[in-house]
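Look at the fold below.

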Amino acid sequence: MSEFTKTPGWLDWYAGPSKPRFQVPAGAVDAHCHVFGPGAEFPYAPERKYTPCDASKHQLYALRDHLGFARNVVVQATCHGADNRAMVDALVHSGGKARGVATVKRSVTDEELQAMHDAGVRGVRFNFVKRLVDFTPKDELMEIAARIHQLGWHVVIYFEAVDLPELWDFFTALPTTVVVDHMGRPDVSKPVDGPEFELFLKFMRQHPNVWSKVSCPERLSVTGPKALNGEQSAYQDVVPFARRVVEEFPDRVLWGTDWPHPNLKDHMPDDGLLVDFIPHIATTPELQKKLLVDNPMRLYWPEEVTVED
């Protein structure tokens, strides 16, 4: 019996996802996903805010193949804190088909950073969602950013739209490429051309080092419909926001499943139907290739990208 008991009401990932109708382009990258444990092998952090179900590297890579993706970017889950062993183990066993985003503390050594780099880590994540993590002083985060910049890594930031004004100066001082998780979690019940989302677009316009993931409609949607029961037009209230970002910044967007979808309260989406969301937000083959292949390859596997004259 596992020593870890799931958080009450925890929703496990969707078993037996459908085969997507949308065929992703060759070489597509799921640029935002996680592994949880398994807890018996990679224990969850004592300071965690939630205890998930197990979700192993083998299950992640089986889903990758089922959905038609070629590669993954495995993002350190907050339930593991700054213990990156489960994520690094997933990279090591990926056959070069995965890169990683770590969570590190100021105390991390240069040798530890280099070992993670050798395993395939290419970024660190700074989480500002207060219900998920405890506050880390900004001077500590800036020190970490300066160190990982030397390795050519980038910073992934996770925050909620209402907090962007107070975080603006910190974000814009980061010396690296900056990747925003899930469009900064906009309130999609507000207008797409309203001041809150316009501030996020201004953030991207004024800072060409800022990228955005246009993922997690299942977290952002208020009115749905949900990606269940064969629904081909899921999360329509999120579409205008994500399409706006894809069309204005086609060379600075990424997409990922967010499997195994930590901390969802309302429903657990069918990952096949989540893939079918993509052509609603990237409406042409050219935009789809940039979103799913060209951009993640440039960021995570630049050594494999040939520069065209």
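An axis here is a line fitted to C-alpha atoms, for helices over the stretch in contact, and angles run from 0 to 180 degrees between N-to-C directions. Helices (H or I, at least four residues) and strands (E, at least two) are DSSP runs, numbered from the N terminus.

This is a predicted model: local features need pLDDT of at least 70, side-chain atom pairs count only at pLDDT 80 or more, and totals for chains, interfaces and linings use all residues. Residues are numbered from 1 along each chain as its sequence is written, and side-chain values use heavy atoms, with hydrogens and water left out.

**Helix pairs**

Which residues of helix 5 meet helix 6? They are Leu 164, Pro 165, Trp 168, Phe 171 and Thr 172. Their partners in helix 6 are Leu 199, Phe 200, Lys 202, Phe 203 and Gln 206. Contact means heavy atoms within 4.5 Å. By class, this contact has seven nonpolar, two polar and one charged residues. Ala, Val, Leu, Ile, Met, Phe, Trp, Tyr, Cys and Pro count as nonpolar, Asp, Glu, Lys and Arg as charged, and the others, Gly among them, as polar.

Helix 6 also packs with helix 8. These two are roughly parallel to each other. Helix 6 passes helix 8 in a right-handed crossing (clockwise; left-handed if the near helix is turned anticlockwise from the far one by less than a right angle). From helix 6 come Phe 197, Glu 198, Phe 200, Leu 201, Met 204 and Arg 205. Helix 8 answers with Phe 241, Arg 244, Val 245 and Glu 248. That contact divides into six nonpolar, no polar and four charged residues.

Helix 4 and helix 5 have axes that come within 10 Å and cross at roughly 25°. That makes helix 4 roughly parallel to helix 5. Their crossing is right-handed. Lys 138, Leu 141 and Met 142 of helix 4 touch Leu 167, Phe 170 and Ala 173 of helix 5. Five of these residues are nonpolar, none is polar and one is charged.

| Pair | Axis distance | Angle |
|---|---|---|
| Helix 6 (residues 195–206) and helix 8 (residues 239–248) | within 12 Å | roughly 20° |
| Helix 4 (residues 138–149) and helix 5 (residues 164–173) | within 10 Å | roughly 25° |

**A pocket**

The second largest pocket has a volume of about 490 Å³. A pocket is an open set of points on a 1 Å grid over the protein atoms alone, where a 1.4 Å probe fits, with protein on both sides within 12 Å along at least five of seven lines; lining residues have an atom within 4 Å of a point. This pocket is lined by 29 residues. Arg 185, Arg 219, Pro 262, Asn 263 and Leu 264 lie nearest its centre. Strand 4 (121–127) and helix 7 (217–220) are the elements that give two or more residues to the lining. The lining holds eight nonpolar, eleven polar and ten charged residues.

**Backbone details**

A cis peptide bond joins Gly 224 and Pro 225, with omega about -5°. Pro 225 sits in the loop between helix 7 and helix 8. Trp 259 and Pro 260 are also joined by a cis peptide bond, with omega about 0°. His 182 has a positive phi of about 55° although it is not a glycine.

Technical notes: Grid points are joined across faces, edges and corners, and a volume is the space filled by probe spheres set on the points. Angles under 35 degrees count as roughly parallel, over 145 as roughly antiparallel, 65 to 115 as roughly perpendicular and the rest as oblique.
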